[in-house]
Amino acid sequence: MSRVIARLAELGLQLPPPLVAPPGVVLPFAFAQRVGSRVLIAGHGPQGPDGRLVGPFGKVGAEVEPDAARHAAMLTGLSMLASVQAEIGDLDRITGWRRVFGMVASAPDFHGQPEVINGFSDLIHAVFGPVTGRHVRSAVGMAVLPWNIPVEIEGELAIDGGD
Amino acid sequence: MSRVIARLAELGLQLPPPLVAPPGVVLPFAFAQRVGSRVLIAGHGPQGPDGRLVGPFGKVGAEVEPDAARHAAMLTGLSMLASVQAEIGDLDRITGWRRVFGMVASAPDFHGQPEVINGFSDLIHAVFGPVTGRHVRSAVGMAVLPWNIPVEIEGELAIDGGD
Amino acid sequence: MSRVIARLAELGLQLPPPLVAPPGVVLPFAFAQRVGSRVLIAGHGPQGPDGRLVGPFGKVGAEVEPDAARHAAMLTGLSMLASVQAEIGDLDRITGWRRVFGMVASAPDFHGQPEVINGFSDLIHAVFGPVTGRHVRSAVGMAVLPWNIPVEIEGELAIDGGD
């Protein structure tokens, strides 16, 4: 078993299955793409154990509580890891996190985007540690996100054995 | 004639001329920048055959219909290809698409950003095929975009002959 | 003294001290990260000489005037340079700017994001010149930014001596 998967299990977490898109939706892109030692990660949202996107849906600071959004950011991290695993085969190949772009669907007067995206960063540090898990980050307020999800995150990381 | 240009012609499409900025506007940046094998692409919008930005202007889900925005996303792809061509000379040098960040000016209750940005992804796949055209993507809802355009897309691709 | 710091002094500018985060806020990420010849830069905002985020706070086109936001974009550039210096030691190692993603907290009818982010681009060109300072850019309207800052910018640049 990979060390990353084992560490997730220690934390009581597991990766979700592939995304089950909402009915009728075509998503004609890759969820992760390896390019040499870089892995680019598409925008992801929070998934449930059945692969579907999960709520609470809406805007943080209005329908969605910040703590619930922070949990959604953690679930989004698991979704990203599942896509990376499908692309590169083994999450133990990850040698470093790079860029994290955290988007929070926000009511116009909600200013706590960093605390929401900390749900993602805290997961990454808990799983990968402070060196491999080190990343740059933005955490910003979006007008609205697809299917009314509260959080979407895209990013980049590095793996060994690239060209 | 380049294969990409020929393929666009088969689809009844052609690249727009260089952007004609709105009166009085200075845009002090590069529309595309080659760095070794990477080509970074600035945020682009939909251009008309005279080089100017074209409407419909406004927010999708309010003044702009989703289908019109989807067409704007396709036009934005053509604008990006024109900038890449100006930077690297020949679009046949493109060996792979990488990152696509699709921004849709959105009414607060519009959740169909992916379908809008599919107008871009479908163009890329139609022109470059599923292997070279493969890309990661985000499609998200912005509060507002410059000059009230409905769609703006930035991205990255790879070319041969880099360092 | 580094040439970049000397040039900033000629312009009457200096780098801010490390960010003093708002009370109670944990920011568990790197403000800049070197990866070979790439330096990735986290989302930054305008800082004052005491290291704290400075206003005017709010949305451009509502509480914040465009000219004040343009100045905030310049201050944000100084904040980014300070973080890059902390990561790589000497700003004279910068060989080229790459990607700039400029986010402007915007009232729904404010369309002048490019002019706001010009405050950043003009600084970069004044300090680094047109060749090293050349960059691709997006300038877009966000629903809201952390702590109600008017501008946040993330980016990437290149340095010598990478892998």
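Visitor: Which residue does C:Arg38 stand opposite in strand 5 of chain C?
Guide: C:Arg38 stands opposite C:Ala158 there. Strands are DSSP runs (E, at least two residues), numbered from the N terminus. This is a predicted model, in which local features need pLDDT of at least 70, side-chain atom pairs count only at pLDDT 80 or more, and totals for chains, interfaces and linings use all residues. Residues are numbered from 1 along each chain as its sequence is written, while chains are lettered from A and ligands numbered from 1 in the order in which they are written.

Visitor: What makes strand 2 of chain C a partner of strand 5 of chain C?
Guide: Pairing requires that DSSP find at least two bridges between two strands. Strand 2 (residues 38–44) and strand 5 are joined by five, running antiparallel, so they pair.

Visitor: How many bridges join strand 3 of chain C to strand 5 of chain C?
Guide: Nine, again antiparallel, with strand 3 covering residues 94–105. One of the bridge partners is C:Glu154 in strand 5, facing C:Phe101.

Visitor: Why is strand 5 of chain C called largely enclosed?
Guide: A residue is buried if 20 or more other C-beta atoms, placed from the backbone, lie within 10 Å of its own. In strand 5 (residues 151–159), eight of the nine residues are buried, so the rest of the structure largely encloses it.

Methods: A residue is buried if 20 or more other C-beta atoms lie within 10 Å of its own, exposed if 12 or fewer, and partly exposed in between; C-beta atoms are placed from the backbone. Helices (H or I, at least four residues) and strands (E, at least two) are DSSP runs, numbered from the N terminus.
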